[in-house]
Structures are given as C-alpha cells and as structure tokens.
Amino acid sequence: MTILKTSNILTVTFSLLLLTMMPTTITNYLSSSKSFSLNQVYAQENPEVAPIDGNDSTGSQNITGQQLQPSNVANLRLPSQEGFEARVLASNFSEPHNIIYGPDNILWITERLGKSITLVDPNEGTILSNITVPGVHQSGGQDGLMGMVFDPNFNNNGHLYVAYTYDDNNSTSGSDSSANEELERLTKITRFTYDKTSNSIGEPVDIISGLQGSIDHNSGRLVFGLDGKLYYTIGDQGKNQLSLYCQDIEAQTLPTSEEVTNQNWTAYQGKVLRINPDGSIPEDNPVIEGVQSHIYTYGHRNPQGLTVGPDGNLYASEHGPNSDDEVNRLQAGGNYGWPYIAGYQDDQAYRYVNWSSAGEQCPQLDSRNITAGIEAGVLAINESEVNLPNFVPPVATFFTVASDYNFTDHNCGQLAYICNPTIAPSSLRLYDSDTIPGWNGSLIMTTLKNGTIYQLTLDDNGTSLTEEPAKLFTSENRYRDVAFSPDGSILYVITDSSGPAQAIGGGATTELWNPGSLLEFKYVGGNSNNMTEIQ
C-alpha cells in the first residue's frame, strides 16, 4: 500500500520550473538572446535544482501511524526490472537526501528541504515519526539537512550524527537571517541522542562546525569506517560555475598549521575528512605538505557518494563537469585532481578554465563563451600541463569522451546539460549479501539525471571494474540514495521531489515518475542483470 504525507505536491509549468528552480546563472542563460555552444563550457555541472517551495518546511509535516491512499495510483509509473517487484512505499517527501535501514529495523530518512528526519515502517510504509532537526538553515539550491549516520554503538548510546548547513549569524536560535542581517551559510556535524520512548532527538553536541556551506556542491555524506572514524565529504561549493563562476576553487588548497590551530576550516572545501567521533583530529591522519588536519583526501569536486567497500577501504562517487563522473577508491593523503583533472589525466574533453583568474574583470565576462574569456585573459590549463603530487586516478568514469566530442548534438533543448555524457552519481553503497546472485561485494550507485541505478563489480584489488556496470531500474526519476534490508532482498530507494532527468525516449523531462518518494524494489528471483521492457 502506498503512503502519502499530508503536504500538497506542487504542480508547475515547465517555464516556471526553470525560472524558479535553476541557479541564477542558468536563469540568465535562458533569458539571454545570445546563443551558445556547450562544447565551449568546461566547468558546468549538471546542476541540481532548488526546490520550488524554497524555505517552506511545511512539506515535511506528517500524519503518523496512518495510511493514506494517493489520488493518482492509476497513473503511477514504476521502474521495471527482471527479478524484482516494485512499489511506492511512501511519498511526498520534501527533498529526501539520506536513507538508512536503522539498527532498530526502521527506515530513517533525512529531508533536506524539510529540515527533518522521518522514520518509516519498512513493511507497510507507515510514517512513524517526523523529527525536526534544530538549527538547520535552508534557503536556496543544495543547502539544508544532508547526511546522517548511526554511531556503531547506537543501540546502547542512541547517538546519531547529522550534517547540515546553518546560518552563523543566527546559530544560537537556529532561525533564518532577518532582512537586515547578511546570511553566513556554514556547515556543521552535530551528534544527537535519540530517545526511542518519545521518538525525539536531544543533547546536541557539535562535533565540528564552521565548515564552508553553499547553495551548490555541499556533498554532505557521512559514514563510519571500520576503524571507528567518522568520514565526511565536502564539495568545492560550486565555485567557478553558474552564479559562482568568479569564485576560486579551493579543492587543491591545504590548510596551514596556524589555521588548524585556530580551527579555521576554510581550506576543507573539496575534501574528504576523517574525524574522531568527538571531533578531534585522528593522530594517524595523513600529513600533507607538512600539516596534519582532518583532511583524508583532497582534489574533489562534488563527492555525493561515500561507502566502505568489501575490502574495508572507502569508495566515493563524484560529479564531473560536462563529462567524467567518477568512482574513486580513497587513499590516505591522495589527490584526486580537481579542478586540474577530471577523470583520467588524458586531455580528453576537459580543461580547467579558471574564471577567477580574470580578477576584477571576471563579473563583466560571459562565462558561456569560453573562447572570448580566454581571449580576455582567463587562464586555461590542459590536464597534461600539471604534475599533481599523490594523484590517484579513478576506479571508473561515467563517461570519458574524446576531445572532439560534440556536446551540442542532442535534443535536450534548454536543458542541454542533461544530455552531457554524465550520469550525476548521488550515492554509493556496498551490497554485502548473497541473496541477489552475483551482487555480493559490489557497489550500488544511484544517479540523478540518468534515472538509473548501477551495480559495479570490483576486481580483486578494488582498483578497477571487472565488467561493464549493470544498468538497473531505468526510469524518469532522480534517484537520491539507497538502503538495503538486513537480508539483502529489498532495495529501498528515495527520489528527488523535483528537477530534470533524461527521458526514456531521448531528450529531457521534468515530469518525474515518482517525485519525492520511497520506492521498494524486492528481489523475487531470476536474472537481476537483464533489463526488461519499461512498463
């Protein structure tokens, strides 16, 4: 049975969706009379859109313990996959971001826009509780409530860790900035204690605060490693593209000893952090260029996926620019190349065009026109021109294309970036069960614009794939995250509430099949790696 939460689903026209939800620069592009060619744009991502209802958190209010039938059951389209049965378990979530099958046998879902954690019965889809997370600020783009992870000893101590953006000007009250105060958007990780009797969280302890926050590329994934350390992905904040195109990317910037002593975490952008559960720096963290900090790896763009692999090593999935989404195996002190390298260091279809190098002239330049920018003095660097210390190539890319690839040969119209050779990987999880044949030890990766879930089989070294990724559950959805039942027979998948995706028949669409939903894919036998016809 499908469960609905009580807030209304907003229906908007295609043009209103674009003008209201796209980042500022995209909106300017669409309203411009100038034409432009995407093969000239080297630092544009497939942007994730801001929710239509802005800072309105009413969408996260639930009727708990009830089952409400959706009004459009007859019109639902579900992904079809041989060997699986699919159903909508619950719907009308407010931009769900993270899903975990908890040690209490309950599904825990963070709602980025809703600023809340929703607890769902995994069998019936009943909403058991909706918990507001205090202090979260959400006002635009990709900010708000993000990653969550349970303490390994959760059943005894009730501890869970949550990452979210906040307004430092109002951090004591947790309210949004007033009209007379400038927003200072930062990010923190807070430990809460869960009270199962009252279904509430309390006793907040900020593990680390003062991390950079943005409307774009916050990343925000949390996991515990087998070493008992907390790992966190923080993106490059969307700099050098869209409305932030004149801001310098800091993914290669490393902190000084003085900055670490003063707890100035500005240089942590574009990094994966390794943190003691109390927020301190682990004594065995890598020393990079003479300084030890929370930084475990660096040179990342937007790593939205993070998981512990079958060998105990960590793996991350990462958004590329117009090509070269990545899956990476994380090595302590490793440099993953961004912004000088996207994917492999091969000079294929990518070069770093640094708009901030134009200085005060940058705001007057048209970032759509790379050629004119370079003629005006914007620095452009080929991948082969750099020699990065400790560079680690990816395990796989989606997709590396030749330098003469035609980025304009598509039928995506104004949503041209949807047709770029990228899939927008949104999360990464290890499947460690024998229930589904051939899956044990593989990585399961959700995607946004591609509307597909990928199964990745690693080689014995964990540094490459043994075969082409299996494409599963292809749809016109934006898959955000996935969790598994304890026996491995069910995939629980959450989807974005809104935004564009690739259409099954080609081109782009904003009419998602199952927006803001919790989907259940139950394995019932058969060959799980053979696609069936979309129903």
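What percentage of the 535 residues in the protein chain is buried? Hello everyone, let's start there. Buried residues make up 60% of the chain, where buried means under 20% relative accessible area, exposed means over 50%, and partly exposed lies in between, using a 1.4 Å probe and protein chains only.

A quick word on the source. This is a predicted model, so local features need pLDDT of at least 70 and side-chain atom pairs count only at pLDDT 80 or more, while totals for chains, interfaces and linings use all residues. Residues are numbered from 1 along each chain as its sequence is written, and side-chain values use heavy atoms, leaving out hydrogens and water.

Now the overall picture. The protein chain has five helices and 31 strands; these are DSSP runs, with helices (H or I) of at least four residues and strands (E) of at least two, numbered from the N terminus. Two residues are in contact when heavy atoms lie within 4.5 Å. Among contacts with a separation of 6 or more, 66% are between residues 24 or more positions apart.

Let's look inside. In soluble globular proteins, nonpolar side chains tend to be buried together. A nonpolar core is a set of buried Ala, Val, Leu, Ile, Met, Phe, Trp, Tyr and Cys residues joined through side-chain atoms within 4.5 Å. The largest one here has 23 residues, and Tyr161, Leu222, Leu230 and Leu273 are among those with the most contacts inside it. Several strands each supply at least two residues of this core, including E8 (159–167), E11 (219–224) and E13 (271–275). If you click on Leu230, you will find that Leu230 touches Val149, Tyr161 and Ile189, among others.

Next, salt bridges: a side-chain nitrogen of Lys or Arg within 4 Å of a carboxyl oxygen of Asp or Glu. The structure holds eleven of them. In one, the side chains of Arg274 and Asp284 meet at 2.8 Å, N to O. Arg274 sits in strand E13, and Asp284 in the loop between E13 and strand E14 (287–288).

Notes: Lists of a residue's contacts leave out its neighbours within four places in sequence.
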